[in-house]
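Biologist: I want to learn to read this model one feature at a time. Where do we begin?

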Amino acid sequence: METLSFEFPAGQPPRGRTLVGCVGSGDLEVLIEPGQAGKLTIKVQTSVNGAEQRWQHLFARMFDGQTPPAMAIDIHDFGATPGVVRLRLEQGFEEIGHD
Amino acid sequence: MTDSAQLLHKHSFVELGARQRAKALLDAGTFRELLDPFQRVMSPWLSRQGVVPQADDGVVIAKGSIGGLPVVIAAIEGAFQGGSLGEVGGAKIAGALELAAEDNRNGTPTRAVLLLETGGVRLQEANLGLAAIADIHAAIVDLRQYQPVVGVVAGSVGCFGGMSIAAGLCSYLLVTQEARLGLNGPQVIEQEAGLEEYDSRDRPFIWSLTGGEQRFASGLVDRFVADDVAQIQQQVSELLQQGLPAQQRSRQADLFLQRLARLDAEPQIDPATVRELYQGERS
Amino acid sequence: MSSYSLRGLSWFNALSDGAKPVEGLPASLKVADGVLGDQPVRFIAVVADPDNRFVRARNGEVGLLEGWGLAKAVDDVITADVDKPHKRALIAIIDVPSQAYGRREEALGIHQALAGAADSYARARLAGHAVIGLLVGKAMSGAFLAHGYQANRLIALRDPGVMVHAMGKASAARVTLRSVEELEALAASVPPMAYDIDSYASLGLLWETLPVEQIEQPTSADLARVTECLGLAIGDVGASGRDLSSRLGASNRAASSKVRELLRAQW
């Protein structure tokens, strides 16, 4: 198991918070809460070791060319594929957007 | 309605996660979660063993009402660590049941619904899981004096280990075809007793002995329901309205001892023998 | 040389010397009514019955007959004492290697039999009977949940053969996908995973641990010490409540208290 931290530039914090997913096999849970203005922080606890670069790329691609809301994201990952991670994050962003 | 139209109108309960299940059973707009995941009361034992924790430790506690009656629901998330109970998840269930009993002593008739998808004790927290389950047993027996405790085993994990004992203590039990209810998991029986006694990979064999339909046909559960949100909601509501059962299943020692005395325990057992012994021939 | 433990039987015989055996129960249950000091008590032990009709329950396991038999042995006390101001204490002598693992057991609902036992013990406690669990050997998993874990007070004899756990090592290793060696290494640093009684005591679940000279065959000094301790435990129960809250409070079980506090605050 590894704990990783990431930070990206961001805009204003969202109002709501949300939880998607579950720490089940091949899945992950994502908790999204309002963060500090200007900063998007992500903490990842993952069962798969040595994947820091992969997470970094995945997040960088997702936020490329946009200013995401200032969120504090907490991820508990149980071996999800990048596709599942992306799906969960998008699900979470959509729910935040609805609030 | 035609069969296919009916199928389209069905919403699977089994496919829902623990939080969605609790929401689905409670009257609309009454769901209020206690110790929600954002409070991050997580297992103090998993991370240090290199196991990723979950923010709610796999247990959702929610208050609300069902059919207007005050209810607390404890829902176990079967997808997280096989629904196993550790210290935090176990204490959430025990603590909620203890407070429900206290409510009743203070004049609020809180009932409880347990959504059981669990392999039992979480082995990474072994003795604290076991202790928590003993607390859950104690609390069910206490609360049951005042108001019904309804257990639901929907599947797909089923209900095993110490929590199958908790199921046996419930005032009422409701299962679906997807449910399995038994003390020992198939793997463990095979490990302890051998392949000939119990083949953990023979799924039809395991379902025929411990599946929801068999348990219902043997009188070891009270309701057998289709995997449909509306039907499960309605049945749970009915059971809660019914109040306490005339006879608590776990208090029928004499009856079960008489039945077991009649059994020829020499030959290996089959499902039909159990049905006949416990319920008589059923068409 | 027997393949099963005789500790439960030895301690039952020693403690219940002069007590009146209770008939009409499965042979794997030893039950007797006697006194402890000036207290009326019922002693209850699950012992090996090599002739048990259920072959998977011949070594002292708690199976179908044992679960329902315990339920009856305890329930009969509740019924008999229902109108008495002073309720008899129940002494559960615990030496149970496991629940019974077998096809007959699962098919016939061993979970319900164990629920019967837990139900009776819990109701006895709620009805005002002091329920004391005395651990003299193994107290494993479902067997312990059915026989002893509903006690107001748990007392363990200090001995390597006295152990509490949720699952035998081989099965636990298989289920958690670890080797037995890995499991043992983890147990050494994670108190709830350990099998020894000192680690268990650190969880706050025991009221007392007692050293004895001869755990297999108690000496008269052993018997005197245990008898005294059981008497004190009964008195202690009388002075406090009927629930299991006395088990909370150890630092190794801090989360159990914290969760309850938070639930209460948010209730």
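Modeller: With the elements. Helices (H or I, at least four residues) and strands (E, at least two) are DSSP runs, numbered from the N terminus. Take Leu35(B): it falls in the loop between strand 1 (32–34) and strand 2 (59–66) of chain B. Now the ground rules. This is a predicted model, where local features need pLDDT of at least 70 and side-chain atom pairs count only at pLDDT 80 or more, while totals for chains, interfaces and linings use all residues. Residues are numbered from 1 along each chain as its sequence is written, with chains lettered from A and ligands numbered from 1 in the order in which they are written.

Biologist: What is the phi of Leu35(B)? Is Leu35(B) buried or exposed?

Modeller: Phi is near 50 degrees, a positive value in a residue other than glycine. For burial, count C-beta atoms, placed from the backbone, within 10 Å of the residue's own: 20 or more others is buried, 12 or fewer exposed, in between partly exposed. Leu35(B) has 24 others within 10 Å, so it is buried.

Biologist: Where is Gln81(B), and how many C-beta neighbours does it have inside 10 Å?

Modeller: Gln81(B) is in the loop between strand 3 (69–76) and helix 3 of chain B. Its phi is positive too, about 50 degrees, and it is not a glycine. It counts as buried because it has 28 C-beta neighbours inside 10 Å.

Biologist: Which residues does a cis peptide bond join?

Modeller: Gly155(B) and Ser156(B), with omega about 10 degrees. Ser156(B) belongs to the loop between strand 5 (149–153) and helix 5 (162–169) of chain B.

Biologist: How many residues of helix 5 of chain B are buried?

Modeller: Eight of the eight, so the helix is largely enclosed by the rest of the structure. They run through Gly162(B), Met163(B), Ser164(B), Ile165(B), Ala166(B), Ala167(B), Gly168(B) and Leu169(B). The cover includes helix 4, strand 5 and strand 6 (172–176) of chain B, plus helix 4 and helix 5 of chain C.

Biologist: How do I read helix packing?

Modeller: Two packed helices are described by the angle between their axes and the distance between the axes. Axes are lines fitted to C-alpha atoms, for helices over the stretch in contact, and angles run from 0 to 180 degrees between N-to-C directions. Helix 3 (residues 87–105) and helix 4 (residues 126–143) of chain B pack at about 20 degrees, axes 8 Å apart. That makes the two roughly parallel; the bands are under 35 degrees for roughly parallel, over 145 for roughly antiparallel, 65 to 115 for roughly perpendicular, and oblique for the rest. Their crossing is left-handed, a label used if the near helix is turned anticlockwise from the far one by less than a right angle, with right-handed if clockwise. The residues of this contact divide into 13 nonpolar, three polar and four charged. Here Ala, Val, Leu, Ile, Met, Phe, Trp, Tyr, Cys and Pro are nonpolar, Asp, Glu, Lys and Arg charged, and the others, Gly among them, polar.

Biologist: At what angle do helix 3 of chain B and helix 10 of chain C pack?

Modeller: About 45 degrees, with axes 9 Å apart. They are therefore oblique to each other, and the crossing is right-handed. Among the residues that meet are Ala91(B) and Leu99(B) from helix 3 of chain B, and Val259(C) and Leu263(C) from helix 10 of chain C. By class, this contact has seven nonpolar, two polar and four charged residues.

Biologist: Which chains have the most contacts between them?

Modeller: Residues are in contact if their C-beta atoms, placed from the backbone, lie within 7 Å. Of the two pairs of chains that touch, B and C have the most contacts. There, 66 residues of chain C contact 67 residues of chain B. Helix 4 of chain C gives the most to its side, twelve residues. That side divides into 36 nonpolar, 15 polar and 15 charged. Between chains B and A, 13 residues of chain B contact 15 of chain A. Chain B brings eight nonpolar, four polar and one charged to that side. No contact joins chain A and chain C; their closest C-alpha atoms lie 14 Å apart.

Biologist: What does the UniProt annotation say of Ser25(A)?

Modeller: The unreviewed entry gives "modified residue: O-(phosphoribosyl dephospho-coenzyme A)serine". UniProt positions follow the numbering used here, feature names are shortened, and annotations may be inferred rather than shown by experiment. Ser25(A) lies in the loop between strand 2 (18–21) and strand 3 (28–34) of chain A. It counts as partly exposed because it has 13 C-beta neighbours inside 10 Å. Not counting residues up to four places away in sequence, Ser25(A) touches Phe78(A) and Gly79(A).
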